[in-house]
Amino acid sequence: MDIRRDIYQAIADPTRRAILTLLTIGAMTPNAIAGHFDSSRQAVSKHIQILAECGAVDQDQRGREIYYKLNIDKMKEIDHWMEAFRKLWEIRFDQLDNLLNDL
Amino acid sequence: MTNNFVFETDLAAKKIHVAREFNAPIEKVWKAFTDPDLLEKWIAPKPWRAETKIWDFTVGGISLYAMVSPEGQKHWVYAKFTAIENGSAISSTGMFCDGDGNPVLDGPKSYRDTKFSSIDGNKTKVDMVITFEEESTIKMFVEGGFKEGTIMTHNNLDELLASE
């Protein structure tokens, strides 16, 4: 398994989370994204590359410019995991309710 | 009855907060969390069941139980108790296990702080904060829940289809 394909790799870094937050506003060019950070363009570009490899962002070629946009479906994967975990605790606690009634 | 169930995730802080109110006095809720015979009765989502192998409820002590599927598949859950305030709080460190229930000591860990508080003398609030060492391991820990959640959903679906 290519670890870079893991969506959790995308959110495992504060700069990458900031880029993802930025892209919720709309698609942006790498230059526009880099303009929001103090780090070097190369460093930001590397983060964008990792986000693309994780499938968290998609490329959009518009004329001569490449825009990056959020891949909403991929980001929803995290929600699915969390939803299952939430459901597990909900069910456990409902079972606990029943047990407490009988104690 | 409203039970004020809370499930909040803060992935940036690597924290999951779970809270719930129970319509029972704090002594009973505490017992249900700390008596393995009682814990077994609610911790595994049906039709899974829990089988306790080790229960040493002391600071530095260990709990090890298996979630067992109807087909006999085992999913081990290991925790070491790091702090106990009798009747009000439990802290533990969770670790992954191999197929025989041996903890992977140098593997990723999760930390759980559970607090119990009495409401009006006959209700109890349970507050749980689960913290992960690394964001990338949240998935690994949640995966257990995901698998059980998926299996549960399928079973519920089977029941639903059978009753149609």
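What does the secondary structure of chain A come to? Five helices and two strands. This is a predicted model. Along the sequence, the elements of chain A run α-α-α-α-β-β-α. Along the principal axes, its C-alpha atoms fill a box of roughly 70 × 30 × 25 Å. Buried residues account for 27% of the 103 residues in chain A. Take the contacts in chain A with a separation of 6 or more: 57% of them link residues 24 or more positions apart.

Start with a helix pair inside chain A. Helix α2 (residues 14-23) packs on helix α4 (residues 41-54) at an angle of about 75°, and their axes lie 10 Å apart. An angle of 65 to 115 degrees counts as roughly perpendicular, so α2(A) is roughly perpendicular to α4(A). On the α2(A) side, the residues are Thr15(A), Arg16(A) and Ile19(A). They meet His47(A), Ile48(A), Ile50(A) and Leu51(A) of α4(A). By class, this contact of α2(A) with α4(A) holds four nonpolar, two polar and one charged residues.

Now cross to chain B. Helix α5 of chain A, residues 72-102, packs against helix α1 of chain B, residues 26-34. The angle is about 120° and the axes are 11 Å apart. The two helices, α5(A) and α1(B), are therefore oblique to each other. Their crossing is right-handed. Leu96(A), Leu99(A) and Leu100(A) come from α5(A), and they meet Lys28(B), Val29(B) and Ala32(B) in α1(B). Five residues of this contact are nonpolar, none is polar and one is charged.

Chain B also has some backbone details to check. Most residues other than glycine have a negative phi, and most peptide bonds are trans. Where is Pro47(B) found? It sits in the loop between α2 (36-42) and β3 (49-55) of chain B. A cis peptide bond joins Lys46(B) to Pro47(B), with omega about 10°.

Two residues of chain B deserve a look for phi. Asn4(B) is not a glycine, yet its phi is positive, at about 50°. Asn4(B) lies in the segment before β1 (6-10). Is Asn4(B) buried or exposed? Asn4(B) counts as exposed, because it has 11 C-beta neighbours inside 10 Å. Asp120(B), also not a glycine, has a positive phi of about 55°. The loop between β7 (109-119) and β8 (123-132) of chain B holds Asp120(B). Asp120(B) is exposed, with 7 other C-beta atoms within 10 Å.

Methods
Residues are numbered from 1 along each chain as its sequence is written. Chains are lettered from A and ligands numbered from 1 in the order in which they are written. This is a predicted model: local features need pLDDT of at least 70, side-chain atom pairs count only at pLDDT 80 or more; totals for chains, interfaces and linings use all residues. Helices (H or I, at least four residues) and strands (E, at least two) are DSSP runs, numbered from the N terminus. A residue is buried if 20 or more other C-beta atoms lie within 10 Å of its own, exposed if 12 or fewer, and partly exposed in between; C-beta atoms are placed from the backbone. Two residues are in contact if their C-beta atoms, placed from the backbone, lie within 7 Å. Axes are lines fitted to C-alpha atoms, for helices over the stretch in contact, and angles run from 0 to 180 degrees between N-to-C directions. Angles under 35 degrees count as roughly parallel, over 145 as roughly antiparallel, 65 to 115 as roughly perpendicular and the rest as oblique. A crossing is left-handed if the near helix is turned anticlockwise from the far one by less than a right angle, and right-handed if clockwise. Ala, Val, Leu, Ile, Met, Phe, Trp, Tyr, Cys and Pro count as nonpolar, Asp, Glu, Lys and Arg as charged, and the others, Gly among them, as polar.
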